[in-house]
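Please examine the sequence and the structure before reading the points below.

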Amino acid sequence: MTQLFKHYINGRWETGVTIGVSENPSDLSDVVGEFARADASQTEEAVRAAAAARDAWAHSTPMRRFEVLDFIGTELLARKEELGRLLSREEGKTLPEGMAEAGRAGQIFKFFAGEALRAHGERLASVRPGVEVEITREPVGVVGLITPWNFPLAIPAWKIAPALAHGNTVVFKPAELVPGCAWALADIISRSGLPAGVFNLVMGSGRKVGQAMVEHPLIDAISFTGSVPTGDALLKTASARRAKVQLEMGGKNPLVVLADADLEQAVECAVQGSFYSTGQRCTASSRLIVEAGIFDRFRQRLLERTRALNVDHALKRGTEIGPVVSGAQLEQDLSYIEIGRGEGAELLCGGERLERETRGHYMSPALFVAEPHHRVAREEIFGPVACLLRADDAAHALALANDTPFGLCAGICTTSLKQASHFKRHAQVGMVMVNLPTAGVDPHVAFGGRKGSSYGPREQGSHAAEFYSTVKTAYTMP
Ligand code: TXE
């Protein structure tokens, strides 16, 4: 029997106003489940429940928050194989990638369990004799969390865990392509001992449920990860009513390969960063900027590795690249192959629809040699497509790396400490990688970018406090 993934509102499981279907992108005959879709009134119910639960949870003890978050983290870690399988089945990343993500979601909850106990404050001397000054952090209130499909456990985890740790109540709206993962996470959270209304899951379309959250006066803060146009529109609406906003959006991340790089290491960084998780990561390396002295050797070796990548069913042993997440995303990826060809970029390999034993959204990883002004080298494609760009020297490579409206992540492969240090200082991004793929970050440190990639305070680690709490300064004359 097909499973129905329900909303979780005010401590109860609720069916939807309409029903959607979640399908397996590796095998379109496999229905992962049906899911409840909300309208504005069901969204209203969830927001009101979170608002009603807000004051009690804001005053819960740090130990209580620790216990809840620790419980969730423990169960995620214990079930990471099963949850990783669900994730791979629903989103299409390979099983090892799915399991690693489920484990990472568990680690994030464990980290924020600890953060709940580390509620730091400051005590300062006043300029006035005898007066004491204290600076503490308090919850923001009700937070709305809107997430994309590409990390269906990790991204919700890195928003829900700090929200709860810092004493906020939550309305969570996942992407419609991954309701099974959202439901699995909500199922664990529902058994963690939270009071009704502190955590709510509402599923449905961005235009209905997401928009209603963004406009709702009872939602004090919105954290969003997704596309640039949606993020930009959300910012206008939410900031007009003075809600706090945090946006994580696109990337067009450069990986610079200097002539002195270890060739094999650089090729592995490029393959991993560009094509793993089917290139559907905001930190993917989509611009491979290679210094002239190593360009031909790098191109040849990368081409061999790319052609040999095994694209197949996400749950099959030995698969390196799973399917594209959806038919619409596959069409977008393929349209960029035509755009690249049309503007004169040289397609070295891939960019074709593939057939496998099961009917799914398969595509061969594509490698272009492009010019910096080509659209394929400037716009986020969000699929298994990478562009090689030639740089005259290290300074030119850095200039090309920074020549983008985005600023999430940048990588460099070099054996020169001097070049690595220079790049770390001058790359206009939020995250820099040296001799590592641009994708692949730790769960306990700040995540985020600059320019068109991000808006508002950083996510994750102790830096998450900035978004999920607000500062209070108290003066006391004892
Ligand atoms: O994103 P959306 P989609 C990029 C990537 C991809 C494209 C479209 O290029 O091809 O975006 O993906 C909710 N008010 N990235 O359609 O629309 C929506 O329901 C409030 C890159 O998935 O931005 C979902 O929960 N919410 C990115 C979330 O916003 C709204 C990751 C993201 O959906 C809304 C994902 C509205 N009006 C996509 N409209 C990255 N770089 O990490 C939609 N939503």
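The structure is a predicted model, in which local features need pLDDT of at least 70, side-chain atom pairs count only at pLDDT 80 or more, and totals for chains, interfaces and linings use all residues. Residues are numbered from 1 along each chain as its sequence is written, and side-chain values use heavy atoms, with hydrogens and water left out.

**Domains and their interface**

- The domain assignment, whose bounds come from an automatic or database source, gives domain 1 (4-249 + 453-476) and domain 2 (253-434).
- The C-alpha centres of domain 1 and domain 2 are 31 Å apart.
- Contact (heavy atoms within 4.5 Å) links 25 residues of domain 1 with 27 residues of domain 2.
- The size of an interface is often given as the accessible area lost when the parts come together.
- For domain 1 and domain 2, the buried area (accessible area, 1.4 Å probe, lost on being put together and summed over both) is about 2,100 Å², with 60% of it on carbon and sulfur atoms.
- The count of salt bridges (a side-chain nitrogen of Lys or Arg within 4 Å of a carboxyl oxygen of Asp or Glu) between domain 1 and domain 2 is 0.

**The largest pocket**

- A pocket is an open set of points on a 1 Å grid over the protein atoms alone, where a 1.4 Å probe fits, with protein on both sides within 12 Å along at least five of seven lines; lining residues have an atom within 4 Å of a point.
- The lining of the largest pocket divides into 18 nonpolar, 15 polar and 6 charged residues; Ala, Val, Leu, Ile, Met, Phe, Trp, Tyr, Cys and Pro count as nonpolar, Asp, Glu, Lys and Arg as charged, and the others, Gly among them, as polar.

**The second largest pocket**

- The second largest pocket has a volume of about 750 Å³.
- Its lining has 29 residues, and Ala119, Arg137, Glu138, Pro139 and Ser469 lie nearest its centre.
- The largest share of this lining, 5 residues, comes from β7, a strand (a DSSP run of E, at least two residues).
- This lining divides into 10 nonpolar, 10 polar and 9 charged residues.

Notes. Grid points are joined across faces, edges and corners, and a volume is the space filled by probe spheres set on the points. Helices (H or I, at least four residues) and strands (E, at least two) are DSSP runs, numbered from the N terminus. Buried area is the accessible area (1.4 Å probe) that two parts lose on being put together, summed over both.
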